Every structure is written in C-alpha cells, then in structure tokens.
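Biologist: Please put the model on the screen, and then let us go through its terms one at a time, asking what each of them rests on.

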Amino acid sequence: SSFPCPSAAPDFHECGSPDKVENCLPGPAPAPPPPPAPPAPPAPPAPPVIDALVMHLVNREFSDGVVFCRGPPNDLRGVFLDAQRTESVVGSPVDCSNENSAAAQTWGAGVPDLTTLCIGLKKGESIDLYFPPASNWPSGTCWYQDAASNKVQSLCKGPMYQSQVEFTITTVVSWDLTSVEGVSGGLTMNYTDQDGKSENVVAIPPKFKGNKLVISKAPGAGFPTVLADKHHYGTCDCPSFSPSSASCNNDACFTGCPSSLADNACGQHRCRQWYAQSYLSDESYCGWLYANQAQTYCWAMDEWQCTDGSCGYGGKDQPNQDCSDVLSDPNVGSRANVYSCGQQKDQKASHGYWWEHGVGCIDKKVNGVPTNPIVPRRGGQIRISFDNLPWLHKAEA
C-alpha cells in the first residue's frame, strides 16, 4: 500500500527537517558506492644531487717543490681555490700564466693560450681545488719539480724527462700516469665518487735491476731521473714515413714514434713491434715498470700491448709485415691505431676482412686496471700524490 509522505502533505508542518521527501515508497536498494580508487603509484625518486668535486694535490716527494698544472683558461675559470667558490684559479696567486705575476716570478711563467698553475708546496703539504658540478677540466696535466732544480731551470712550460699525470674531467673522470719522458718520482691518482666507489692507479716502482738502466741527471734542470727509451737513440729524421726508408726505420724513430709514424698504420705497427720486444725483458725500461706493477705509460701509445712479437701482422688474415697491402688499402683511412695491430676483430679490407680469427693487440692492464681508466663523474674527490722514490736519491745523499 501507499501512504502520503509526511513532508509531502500540504498541511504538514514542523517535521524537523525542511527537506521534502519526494518518494518514501519501498523500492530497489540503492546501488553501492563505487570502490575507492586504487592508490596512486609512488612518485619516482628524485635524481640524486651530484655534489661538487674536489681535487686534492699533495707533495710526498723528497723535498719542497712546485706542482705545475695546465689546462684551457675558459674551463679553469670554473675551478676554485675555496669551497665557497669565490676565488677562481685563473688570475689567482697560483696562476703563473702571466710572466709578471708573483707566481711566475717565483716558479717561472707558463705558455701562451693555456692557463698554467704554479702551486708551491712544502714537503708534506697539500692543496684542494674545487669544481662545481658544471665545471670541467679537459686535457689537463700536472707535474712536480723540486725547488732546487727549479732554480736551475724551470719546467713551467712543460714536463721534460719526468713523470706526470694526465686527465680529463667532464661528465667522466679519465686519467693516466705517464712515464713516457722518464721516471723522476712516484705517482698516485685515485678517484672516489660520492657513493664511495673508487678507482686507484699507482706507479711507485722499486729500483730497476741489471745494468741496462741508469739514474741520470735530467738535461738542463739536473734532477735525478731514469730516462725513457726515447732519450737513448738520438733524433728521428722521418718527415714522411716509408716502410723501406732507413731514416724512418730505426731505434730513434720506433722509440719516439713521432706523428709521421704514429699517424701511419705501418709506422705505428713498427713502433709497437719494437716495444713488444722490449717488454720481454724485465731489465728494459718498459719491462721494469710492468714487472713491478707500475700502472703507467712507458711510451706514447702504451694503452695497448701486442699479443706476440708479430703484433697482428703476417698471419693468413692479417696485413703483410712489409705493409704493402695495408698502406694501399683505402679502408684504413684515419684509423691508424686499430689497423696498426688489429685491436678489433673483423676490420674491413679491400679483399674482405682482416683479423677474423683474433686480434693482434689488447688493452694493457696492470692488476686488472687499464692504464687509462674512464669512470662516470659523480662528485667525490680526486687525489693526486707526487711520491718519493728513495732509491732515486741515494747517490745524492
């Protein structure tokens, strides 16, 4: 049955609610409310903030001295002497690019078009340089000179007869320790990023054995050093490489490997063969450093090592040792490095492919670490240490 709804009766007053009920008859049950919407997925985590990078330079050498560092001026304007980033290294008290600056008057003036820093450090002293996240230092290098030899001849214009550090700091940190000129001291460079991941490269060799190597006075400056092979055979007179030219195929050219050889697949190949033979003896310069786990270059292209004395030439799927085929092959182009030893398999050749069955050279590694590590840049600290080799100075004591 039906009945009038109270609020619908025209004479109904004061029902306690002013709302009129339009239908109070029994009917279908109201639809249940919709289920709640599923919770929104959590927002992705914010990318981590990459903190500033710090470069720590320390003098652990045998005496007071100066650390020279060099790089492009536009980039070095973004490197600072203080954590607050108020004092750029460019134009600072350690900038010796200007020959009239106090630093240049003390340690010597750098070269034009590049910024040279002259950082005087007493034995045991250190300095920190600060890199905001967006700052870079491409094609950088640092080297040490003791104070006494600096007064004889400053090496402010470039390292000679000595060890040095080379690096590039951009979105990556890459570096190598090089003894291409000589071993005048020990070197250590490591990078620990903000997550604690670390890569360490060390070259602190003990004294060599045998009589093939000697401690010499560096020409001009006079500091003690073990000269690299390139300084023992005179000058290479080879303006343009030819595989049959005596003036291009000799110890002076192979050890120095100037651009006339290095930019030519055959010329670079013959440099590599010379050093492959040298590595066989631990009394040679390269053999001494490698046998003692010094993570350093001993010649200019030491990032790769030949797998044997043939260095990737002379096999059935390899260029001839006389280079007659590789020099005439248009596929080589500007890739003299790869074609100098077959560092990669299946390299295109006019007849098909070379090095189909294996490579002729591989990455050089010491203790499992390549001589030129490249790691992502993620804040943290770079530590560069110039280390004493006591045996190098015993004759002076």
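**Cavities, rings and buried residues**

Modeller: Three nonpolar, five polar and one charged residues make up the lining of the second largest cavity, where Ala, Val, Leu, Ile, Met, Phe, Trp, Tyr, Cys and Pro count as nonpolar, Asp, Glu, Lys and Arg as charged, and the others, Gly among them, as polar. This is a predicted model, in which local features need pLDDT of at least 70 and side-chain atom pairs pLDDT 80 or more, while totals for chains, interfaces and linings use all residues. Residues are numbered from 1 along each chain as its sequence is written, and side-chain values use heavy atoms, with hydrogens and water left out.

Biologist: Which residues line the second largest cavity, and what makes a space a cavity?

Modeller: The lining consists of E61, Y144, Q162, S163, S184, G185, G186, L187 and F386, around a volume of about 50 Å³. A cavity is a set of points on a 1 Å grid where a 1.4 Å probe fits but cannot get out, and lining residues have an atom within 4 Å of a point. The structure holds three cavities of 30 Å³ or more.

Biologist: What lines the largest cavity?

Modeller: E61, F62, Y144, Q145, D146, S149, Q162, S184, F223, P224 and H393 do, and the volume there is about 70 Å³. Strand β5 (residues 137-146) gives the largest share of this lining, three residues, and by class there are four nonpolar, five polar and two charged residues.

Biologist: Why is the pair of W137 and F167 called edge-to-face?

Modeller: The structure holds 16 aromatic pairs. In the pair of W137 and F167 the distance is 5.0 Å centre to centre, with 85 degrees between the planes. Because W137 lies in strand β5 and F167 in strand β6 (residues 164-169), the pair ties together parts that are 30 residues apart in sequence.

Biologist: How do you know that W137 is buried?

Modeller: The relative accessible area of W137 is 0%, and buried means under 20% (exposed is over 50%, partly exposed in between, with a 1.4 Å probe and protein chains only). F167, at 3%, therefore counts as buried too.

Biologist: What makes you say that the charged end of K207 sits over the ring of F208?

Modeller: The charged end of K207 is 5.8 Å from the ring centre of F208, whereas the rule asks for NZ of Lys or CZ of Arg within 6 Å of the centre and within 35 degrees of the ring normal. F208 also forms one aromatic cluster with Y285, W288 and W391.

Biologist: Why is V54 called buried?

Modeller: V54, in strand β1, has a relative accessible area of 17%, so it counts as buried. V54 touches D128, L129, Y130, G380, Q381 and I382, leaving aside residues up to four places away in sequence, where contact means heavy atoms within 4.5 Å. V54 and Y130 are 76 residues apart in sequence but 4.7 Å apart in space, C-alpha to C-alpha.

Biologist: What stands out in phi of C311?

Modeller: Phi of C311 is near 55 degrees, a positive value in a residue other than glycine. C311 is in the loop between β13 (304-306) and α8 (336-341), and its relative accessibility of 0% makes it buried.

Terms used
1 Å grid on protein atoms, 1.4 Å probe; cavity = no way out; pocket = protein on both sides within 12 Å on 5 of 7 lines; lining within 4 Å. Points joined across faces, edges and corners; volume = space filled by probe spheres on them. Helix = DSSP H or I, 4+ residues; strand = E, 2+ residues; numbered from the N terminus. Phe/Tyr/Trp six-rings, centres within 6.5 Å; stacked < 30°, edge-to-face > 60°.
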